[in-house]
Amino acid sequence: MLEISSLNPSQRQAVRTHQGPLLVLAGAGTGKTRVITYRMADLISTGVEATRILSVTFTNKAAREMLERTTHLLGRSLKKRPVISTFHSWCVGILRQEIEALGYPKQFVIYDRGDQESAARKALQVLKMTDTALKPGDLLAQISRWKMQGLPPDVAQEVADSDQEQLAGMAYRRYQLSLKASGAVDFDDLLFLTWQLFKNHPEALARQQERFDFVQIDEYQDTNELQFRLVESIVRRHHNLCVVGDDDQSIYGWRGAEVKHILGFQQSYPAAKIVRLEDNYRCTAPIIQLANQLVSHNRGRHEKTLIAHKEGPGATFREYPDEQAEAEGVVRDISYLIHQLNVKPCDIAILFRTNEQPRIFEHELRRKQIHYRLVGGQSFFDRKEIKDLQAYLKVLVNPKDDLSLLRIINVPPRGIGDATCERLLARAVKEKRRFWDVIPDAAQAGEITTKALNNLRQFEQQLAGVREKFKNPSVKLSENFTHLVEAIGYSREIERTYKNTEQQEMRNLILGEFTNAIAQYENQAKSPSLTEYLDEISLGGSDFAAPERPDENAITLMTLHSAKGLEFSRVYLVGLEEGILPHKRSVDEEFEKPSSIEEERRLCYVGITRAKDHLTITRPQSRIKWGKKRETKPSRFLKEMITAIESRMVVEGGHPTSAARPPLRSGGTTSQPGGNR
DNA sequence: CTGATTGACGTTTTT
DNA sequence: CGTCAATCAG
């Protein structure tokens, strides 16, 4: 018998034994994920075969943790494992089996954001639309929106109403064709193509329907249209679907997530049973009060009020003259906690809205020699070296991937210049053929020099040789990778390019880290393959990507979005000002789309409810932007919480380094009086 | 083909 | 104030 302390007996009964659709509507810190984990363990211990259960989590990290906890609950005797993955990983698994039915090559690669952007740019170029108002970024956003609605290019073109959308429709068509020809799928395609597969190939859908008797979904409030349909398809047979979520924590509306799926669960599944969890075991009472008060300003939500079960200190609010002082103040505070109060650094987090905010905090932390880890910031994969070698790997796996090929065809320089590439590319586009295939014709037509031709041939052979090596299953991936790096002379290139030894060492270090990452993946994976490794890193995350050393001595810096589902003893929520939180973009569209402010409010709510014991909210009174200093307005969310803050104001005074400021009074200490809008 | 210089420009979040 | 792309001189 597994106990879940946060459930009363009838709730526990429902969660454990209910068959058919079940909605667990649970506030922050009420043990949502635990419900799913326990239910899964319960199902298995009552005789359901583990492999018949599919659990969908929001991140790969969450999936791994859930698997660990499940096996732990069951006493590690699991021979067969349940399937626990994100929507995207689950779809990759299906597509790796079935994608040929859609006319894609089996060895497809997944394009990351950078690749997508190049592909979008190329599509616009080919259509000679580079001078139109449609920029690659906008195009990608539009394509994404269409895909999330399940619309293929031809249908999208039909429904496009504005001129802008007409153009985007044409570019979408082009973009999709070129990806397909390259044997590449973008991120949205993972869901989109799986949906297409289910729709057009009933036998493939049937195979997936047969696989699972129970389906569970965590963070259901962030489900988008396509995910909703995929789920609906897969459980059609039995409706054994358990979803868990909190409409107040829906923060991915911009990515197509629709709260209506969780709000309307009962309409979709009339037999649904609903369990409500409102007992919060994470945060102290004052923090809960703050959260409740804030989120009560939102309309269109399931009415619920979190009940706190823990007394303790509460929220602190601090204002600083500018963002520099804010960073100094927060870091000084943290330093005091760590060095004087022996607080474990890993219990501390700084949360912020945008990715440019942490810079200044990082600087201060380094100055004070406090270890930190910055979550999210794609830094590792943005390194040129990583991108280059990743492109090599992609080309090795999928020879059709011209985009990646073009990235590395002359890296390191091997005498295949821009001119040669451009001519070949022009011909390839014109004749709708692959880059490699047009070489003989181009040579014959005298479009490329004999020297370039020789270099191309040589490179082709080199690639073929390396590809052959990678096919040998008895040789380790990491060894082959080292081989590749040597074969192309990448280290020599680093030495040549960077004169100073410091730079050289750093770049080589990155290279080494990449090798380590591959080795680490190899050790963990059941049947390691280059394809799977590339999938893993494209799907963002997993530890194989950037070997993240778990560091007890590091505090955490991350965006509010990345913080979802996590908790920390002490949280610093910084930059509470109009334009940041709520973000300017949402403020601007407030008029025509009030829901955008509500999402910002939920974001703030998520931030607050990450704090278990201490919450510190801060705001700079001014901020330097584009060279000039500007006064900031306190966030409207502060005013909405103000009575709660005032009654619980705690200034952590006493320590000599504290730069505590007087509490915020109505109207604040800035000269901005209330009536702003 | 590299490395330095200039100019434009910037408005969010990520599986 | 930074970043990044385009541009140019060597």
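Analyst: Start with helix α8. Its buried residues are A168, G169, A171, Y172, Y175, Q176, S178 and L179. Buried means under 20% relative accessible area, exposed over 50%, partly exposed in between, with a 1.4 Å probe and protein chains only. This is a predicted model, where local features need pLDDT of at least 70, side-chain atom pairs count only at pLDDT 80 or more, and totals for chains, interfaces and linings use all residues. Residues are numbered from 1 along each chain as its sequence is written, and side-chain values use heavy atoms, without hydrogens or water.

User: What covers the buried residues of α8?

Analyst: The cover includes α5 (113-126), α6 (136-148), α7 (153-159), β5 (184-185) and α9 (187-200). Helices (H or I, at least four residues) and strands (E, at least two) are DSSP runs, numbered from the N terminus.

User: How do you know what α8 should span?

Analyst: The expected span is 1.5 Å times one less than the number of residues. For the 19 residues of α8 (residues 163-181) that gives 27 Å, and the end C-alpha atoms are 27 Å apart, so the two agree. Just after α8, G183 takes a positive phi of about 65°.

User: What makes a group of residues a nonpolar core?

Analyst: The set must be buried Ala, Val, Leu, Ile, Met, Phe, Trp, Tyr and Cys residues, joined through side-chain atoms within 4.5 Å. The largest such core here has 111 residues. W90, I217, L241, L389, L393, F459 and L484 have the most contacts inside it. Helix α18 (residues 384-397) gives the largest share, eight residues. Another core, of 35 residues, lies apart from it and includes V295, Y605, V606 and I608.

User: How do the residues lining the second largest pocket divide?

Analyst: Eight are nonpolar, six polar and 19 charged. Asp, Glu, Lys and Arg count as charged; Ala, Val, Leu, Ile, Met, Phe, Trp, Tyr, Cys and Pro as nonpolar; the others, Gly among them, as polar. A pocket is an open set of points on a 1 Å grid over the protein atoms alone, where a 1.4 Å probe fits, with protein on both sides within 12 Å along at least five of seven lines; lining residues have an atom within 4 Å of a point. Of the 33 lining residues, E577, E578, G579, I580 and K584 are the closest to the centre of this pocket.

How values were computed. Chains lettered and ligands numbered in written order. Contact = heavy atoms within 4.5 Å.
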